[in-house]
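Here are some notes for a colleague who is opening this entry for the first time. Please read them with the structure in view.

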Amino acid sequence: MQRHGRGGGTAASAPRIRVAGLVLLIAYLAVVGWLALRPLSVPWVAPPNLQPFATIRADLDEGSPASLTGLARGLALLAPLGVLLPLATWRAERPLATTCARTVSAGVLISSAIVLLQSAVPGHSVNVDAVLLNTAGVALGSLLVFPPVRALLRRRAAHVPPWGGSPLGTGPHDALPLGDEAGGSAPPRAARVGIAP
């Protein structure tokens, strides 16, 4: 009987993780697109800001609940992408540093696209600090939330065989090895019994 190691369960669960991550990613981006790109009927629109950290410093200096809530909203808007992007491109063997770097890079591109699209929507203006806050949120999600999620998924994939059933090493066929698994010895032969004359 051929035994399947830890890599078998991980490889078998990878397509399911990628499909689930992709579905959640598309649904979340649809919600973010609706929230960020809907027209706003406001009496006054802030002028465009192309100077990094200008509005962030102004909000921190003001210190009002509304300004701090705006900063928190900017951090939280794309933070779930720190988990959903790696799941949609799941590779269990990929180094964590590489995964985080790719996730943050994708977060920069997505946030920049949203900010550029907002410039053509009534009630919005271009703000480079929005890209910085969104990217920081993606980085926090990737560094703080994704590692434990990744460890949990890898543990579950390692203990569940690709064909289903009981975890590896606990099934009824794993208790006693067969003859060819015990070192290649031949099966026992029946003893010869003499026939009386």
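Predicted model: local features only at pLDDT ≥ 70, side-chain atom pairs only at ≥ 80, totals over all residues.

The points below go from the whole chain to two single residues.

1. Secondary structure. The chain has six helices and zero strands. Followed along the sequence, the pattern is α-α-α-α-α-α.

2. Burial and surface. The chain has 197 residues, and 27% of them count as buried. Its accessible surface is about 12,700 Å². Carbon and sulfur atoms contribute 68% of that surface.

3. Contacts across the sequence. Among contacts in the chain with a separation of 6 or more, 81% are between residues 24 or more positions apart.

4. Phe53. This residue is found in the loop between α1 (6-37) and α2 (54-62). Phe53 is not a glycine, yet its phi is positive, at about 70 degrees. A reader checking the backbone may wish to look at this residue. Is Phe53 buried, exposed or partly exposed? Its relative accessible area is 44%. Buried requires a value under 20% and exposed a value over 50%, with partly exposed in between, so Phe53 is partly exposed.

5. Ser142. Helix α6, residues 128-159, contains Ser142. The relative accessibility of Ser142 is 0%. The cut-off for buried is under 20%, and Ser142 therefore counts as buried. Which residues does Ser142 contact, leaving aside its neighbours within four places in sequence? They are Gly82, Cys100, Thr103 and Pro147.

How values were computed:
Residues numbered from 1 in each chain as written. Heavy atoms only, no water. Helix = DSSP H or I, 4+ residues; strand = E, 2+ residues; numbered from the N terminus. Buried < 20%, exposed > 50% of the residue type's maximum accessible area, 1.4 Å probe, protein only. Contact = heavy atoms within 4.5 Å. Areas by Shrake-Rupley, 256 points an atom, 1.4 Å probe, with all protein chains shown as cover.
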